[in-house]
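Subject: A structure for you to explore

Hi there,

Here is the structure I promised to pass on to you. Have a look around it on your own, and then read my notes below.

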Amino acid sequence: MGGGECRSNDYGAAAYWDSRYSSPSPSSTATTGGGGGAFFDWYQAYPALRPLLRARLPASSRVLMLGCGNSLLSEDMVKDGYEEVVNVDISSVVIEQMREKHMDVRDMSLFGDGTFDCVLDKGTLDAMMCGDDAPLGASKMLAEVARILRPGGIYMLITYGCPKERVQLLYQAGSHKKIELYIMPTPGYQLKWSKGVSLAQPIMEEVSLTVDGQLPPDYVLKDPESHFIYICKKPDAANEANSVVANEGETITSK
């Protein structure tokens, strides 16, 4: 899933992820785990995201990990002091591996309105954009995100989708009136740029969007495969909340 474009409709299907998580994981995974292979972090791992998360999110926040997969992100956050991270995923196989139930992120009525301080999405919207019902499915998911966020809460989206492909969709969700953008080169590019030496502080830059929510016309990406990180803040006014439908299942990682 590079450049914000979907490479396979399979990414939007639960069956694809059930099959993937039932099979041995690729050799590029970081840590061996049970029930089908190794743990794998899409896009960026916690050390790279930590500065932004720590700056925006108190350790006492209630966080929803949208499409947790078998990533170590939730575990690493708890080890670093975060008190409650709730994991949901469309794949019952991976959630069995993570030891709980499953949930379709288009339908999260198990959670009440305004119950989370933050929703973290590392590639889940990208996967939703690959489904057969991509526009509708993505809109349902974002409406649910808006509903379960408390007033003043944030939706943090880590994606390959550039502003042209994501900003309008985020605004259509109806509750995000302020969107900030950070751009982070991929881990491979960072290693190449640093001549093979791991950087103590990952490269991340804030980019001011134009009035119509796009990149400045003179902006040039250092890494064509960069990850875009959108921080969308829900207005403080409680009457801005959206509501939608739901399913079942959650896992909680807590101290």
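What follows is a short tour of what I found.

Please keep in mind that this is a predicted model.

**The whole protein**

The protein has eight helices and ten strands. Of its 255 residues, 46% are buried. Now think about contacts in the protein with a separation of 6 or more: residues 24 or more positions apart account for 75% of them.

A bit of background first: in soluble globular proteins, nonpolar side chains tend to be buried together. Here the largest nonpolar core has 30 residues, and Leu 64, Leu 66, Tyr 155 and Tyr 230 have the most contacts inside it. Helix H6, which spans residues 134-148, gives this core its largest share, five residues. Another core, of 25 residues, lies apart from it, and Tyr 82, Val 85, Leu 120 and Ile 231 are among its members.

**Strand E9 and its neighbours**

Which strands does E9 pair with? Strand E6 (residues 149-159) pairs with E9 in the antiparallel sense over six bridges. Strand E7 (residues 178-184) also runs antiparallel to E9, and seven bridges join the two.

Strand E4, residues 84-88, is another one to look at. Four of its five residues are buried, so E4 too is largely enclosed by the rest of the structure. Strand E3 (residues 62-66) runs parallel to E4, with five bridges joining them. In this pair, Leu 66 stands opposite Val 88. You have met Leu 66 already, among the residues with the most contacts inside the largest core.

From Val 88 you can move on to Met 108. The two are 20 residues apart along the chain, and their C-alpha atoms are separated by 9.4 Å. Met 108 is found in the loop between helix H4 (92-97) and E5. Is Met 108 buried or exposed? With a relative accessible area of 0%, Met 108 is buried.

**Helix H2, a helix with two sides**

Helix H2 covers residues 46-56, and its buried residues are Tyr 46, Ala 48, Leu 49, Leu 52 and Leu 53. Seen down the axis of H2, these buried residues fall within an arc of 140°, so they line one face of the helix. The face turned away from that buried side carries the exposed residues Pro 47 and Ala 55. What covers the buried residues of H2? The cover includes helix H3 (73-79), strand E5 (116-122), E6, E7 and E9.

**Aromatic pairs**

The count of aromatic pairs comes to two. In one of them, the rings of Tyr 43 and Tyr 160 have their centres 4.8 Å apart and their planes at 65°, so the pair is edge-to-face. This pair links distant parts of the chain, 117 residues apart: Tyr 43 is in the loop between strand E2 (37-39) and H2, and Tyr 160 is in the loop between E6 and helix H7 (163-172). Both Tyr 43 and Tyr 160 are buried.

Phe 111 and Phe 116 form an aromatic pair that is also edge-to-face, with 5.1 Å centre to centre and 85° between the planes. Phe 111 and Phe 116 are both buried.

**A glycine in a loop**

The last stop is Gly 123, in the loop between E5 and helix H5 (124-128). Gly 123 is buried, with a relative accessible area of 9%. Leaving out residues up to four places away in sequence, Gly 123 touches Tyr 43 and Ile 158. From Gly 123 to Gln 44 there are 79 residues in sequence, but C-alpha to C-alpha they are 9.9 Å apart in space.

Enjoy exploring!

Best wishes

Definitions and conventions:
Residues are numbered from 1 along each chain as its sequence is written. This is a predicted model: local features need pLDDT of at least 70, side-chain atom pairs count only at pLDDT 80 or more; totals for chains, interfaces and linings use all residues. Side-chain values use heavy atoms; hydrogens and water are left out. Two strands pair if DSSP finds at least two bridges between them. Buried means under 20% relative accessible area, exposed over 50%, partly exposed in between (1.4 Å probe, protein chains only). Contact means heavy atoms within 4.5 Å. A nonpolar core is a set of buried Ala, Val, Leu, Ile, Met, Phe, Trp, Tyr and Cys residues joined through side-chain atoms within 4.5 Å. The arc is that of the directions from the helix axis to the C-beta atoms. Rings of Phe, Tyr and Trp (its six-membered ring) pair if their centres lie within 6.5 Å; planes under 30 degrees apart count as stacked, over 60 as edge-to-face and the rest as tilted.
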